[in-house]
Every structure is written in structure tokens, then in C-alpha cells.
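Here is a friendly note to read alongside the model. Please keep the sequence and the 3D view open as you go through the points.

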Amino acid sequence: KTKPNQSDATIFSFPISEDSFKKNCNLALAELAKDLPERRCFVLDSASGNTARTLGRAVDEVLSPNLDAKAMEALKSCSLSVYASSSRALEEASAQGVRFGVVYLDYMWPLDYFKSLQAKLDKMDGQQGLQAERAAALLEVGEARLPELDGLRDLERLFGVSGGAPCGQSVLSPEGAVLAITILPPSQELQLSSAEEVLVRECR
């Protein structure tokens with residue numbers, strides 16, 4: 001899904017639990033997934049757990065990674081909530097041979113956020129006269145390989161691929177799966193095009 005345009009100031013403070021667009025997406029997802037043989041779900045949810053509750057699955061049928069400790073604790077009432085990034089959770093699911101019938105990548109930032117940020121930092125790194133402390137900080141961020149955490153990389157991981165190279169097994173059920181992705185501004189058209197490219201390539 002593509003989220004209606006918002007100002008940059010509100011991208012990271014989007015009120016998920018009260019948004020009618022999000023509620024409609026949850027209902028549509030539940031309807032599409034209700035007859036799928038594989039009941040396990042991978043959901044990026046808010047602390048309210050509205051997506052998990054709408055899906056109507058048992059707690060142990062919904063894996064919901066979160067790096068917000070408070071949100072993780074709150075989600076335990078409706079899902080198998082773990083303190084982990086979506087990227088790490090998908091990698092572990094692949095390693096364990098887990099398959100999902102529903103995947104909802106409901107990000108709160110653009111799919112290429114870290115890649116775009118890295119590009120800006122690379123430009124700064126090339127500037128002359130940077131203070132040693134600032135240059136060291138830029139080097140540290142670069143070595144963290146943050147673009148590996150981008151949503152587009154997670155989309156690849158669903159198919160057992162990362163950066164175009166095999167990295168494990170697909171986590172999508174061979175009996176059928178529903179995939180939903182949130183795309184936020186800016187550059188929604190570019191993100192959508194990049195996501196479609198991954199899906200076309202991996203679904204051949």
C-alpha cells in the first residue's frame with residue numbers, strides 16, 4: 001500500500017492506532033488471508049497490536065519483531081513479540097525454515113531510508129577540511145552497513161536473497177502468501193518501482 005502524502009515533519013509520528021487508512025488495510029489483509037493454509041504471520045505492528053488482533057490469529061502464530069522495548073512488551077498479549085530488527089528476524093526465520101502465509105512490512109520510514117542517508121553521508125565524507133571527530137563518526141556509520149536494514153533488503157530476504165545474492169531460504173509459504181508493504185514519502189514512485197523490480201525478479 002502507498003500511504004497518502006504527508007509532510008516530512010509527520011513521517012515518524014504517524015498515529016497508527018487511530019488511522020482509518022491503516023484500519024482498512026488491516027481489514028483487507030485479514031480478508032485476503034482468511035482461507036490460506038499457512039496461518040503463521042510476520043507483522044511489523046504498533047504497540048496496540050491492531051494488525052495482529054485484526055488477523056485473528058493465535059499469539060504463537062504471529063511473529064512481531066520490534067526494537068522498541070516497551071512496544072515489544074505490549075505486543076506480547078497478541079503476538080510472539082521479539083526484541084529484534086525485522087532484518088534479523090527474517091534471517092533467523094529463514095535459517096529455521098519457518099514459512100509465513102501473511103507478511104505485513106508496515107514501515108514508518110521509506111524503503112530506501114538508510115541507503116539515501118548513506119548517500120548523503122558519503123558526500124559529506126568527501127568534503128575537504130572535516131574535523132577529525134566528525135570524520136571518525138562518518139566512518140563509524142559507514143562501517144555499520146545501515147543500508148542492509150532497509151525495507152527493500154527485507155523484501156529480498158522474504159525470497160532468501162540479499163543484495164541480489166542468495167542468503168537462505170524463502171520465508172513465504174509455497175501454498176500461498178499475502179504480502180503487504182507500506183510505502184511512505186518522499187520518493188514514493190521510486191520506492192514502488194524498486195519494490196516491483198524485486199518482486200518481478202524473484203517471482204519468476
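Which residues are linked in a network of salt bridges?

1. Arg153, Glu156, Arg201 and Glu202 make up that network. A salt bridge here is a side-chain nitrogen of Lys or Arg within 4 Å of a carboxyl oxygen of Asp or Glu, and by this rule the count is 11.

2. A word on the basis of this note: the model is predicted, local features need pLDDT of at least 70, side-chain atom pairs count only at pLDDT 80 or more, and totals for chains, interfaces and linings use all residues. Residues are numbered from 1 along each chain as its sequence is written, and side-chain values use heavy atoms, with hydrogens and water left out.

3. Have a look at helix α7 (residues 151-157), where Asp154 and Arg157 sit three residues apart, about one helical turn. Helices (H or I, at least four residues) and strands (E, at least two) are DSSP runs, numbered from the N terminus. The side chains of Asp154 and Arg157 form a salt bridge at 3.0 Å, N to O. Asp154 is buried at 0% relative accessible area, and Arg157 is buried at 4%; buried means under 20%, exposed over 50%, and partly exposed in between (1.4 Å probe, protein chains only).

4. Next, turn to helix α4 (residues 86-95), which holds both Glu92 and Arg88, four residues apart. Their salt bridge has its closest N and O atoms 3.4 Å apart. Glu92 is partly exposed at 33% relative accessibility, and Arg88 is partly exposed at 44%.

5. Lys34 and Glu31 also form a salt bridge, with 2.9 Å between the closest N and O atoms. Lys34 is partly exposed at 45% relative accessibility, as is Glu31 at 48%.

6. Arg57 is buried but has no salt bridge, and Glu61, the nearest side chain of opposite charge, is 4.6 Å away; Lys and Arg count as positive, Asp and Glu as negative, while His and the chain ends are not counted. The Arg57 side chain does reach two backbone oxygens: that of Arg39 at 2.9 Å and that of Ala33 at 3.4 Å.

7. Finally, find Lys22 in helix α1 (residues 20-33). Lys22 is buried, with 2% relative accessible area. Its side chain makes a polar contact of 2.8 Å with that of Asp106. A polar contact is a pair of N or O atoms within 3.5 Å; within protein, one must be able to donate a hydrogen and the other to accept it, and residues adjacent in sequence count only if both atoms are side-chain atoms.
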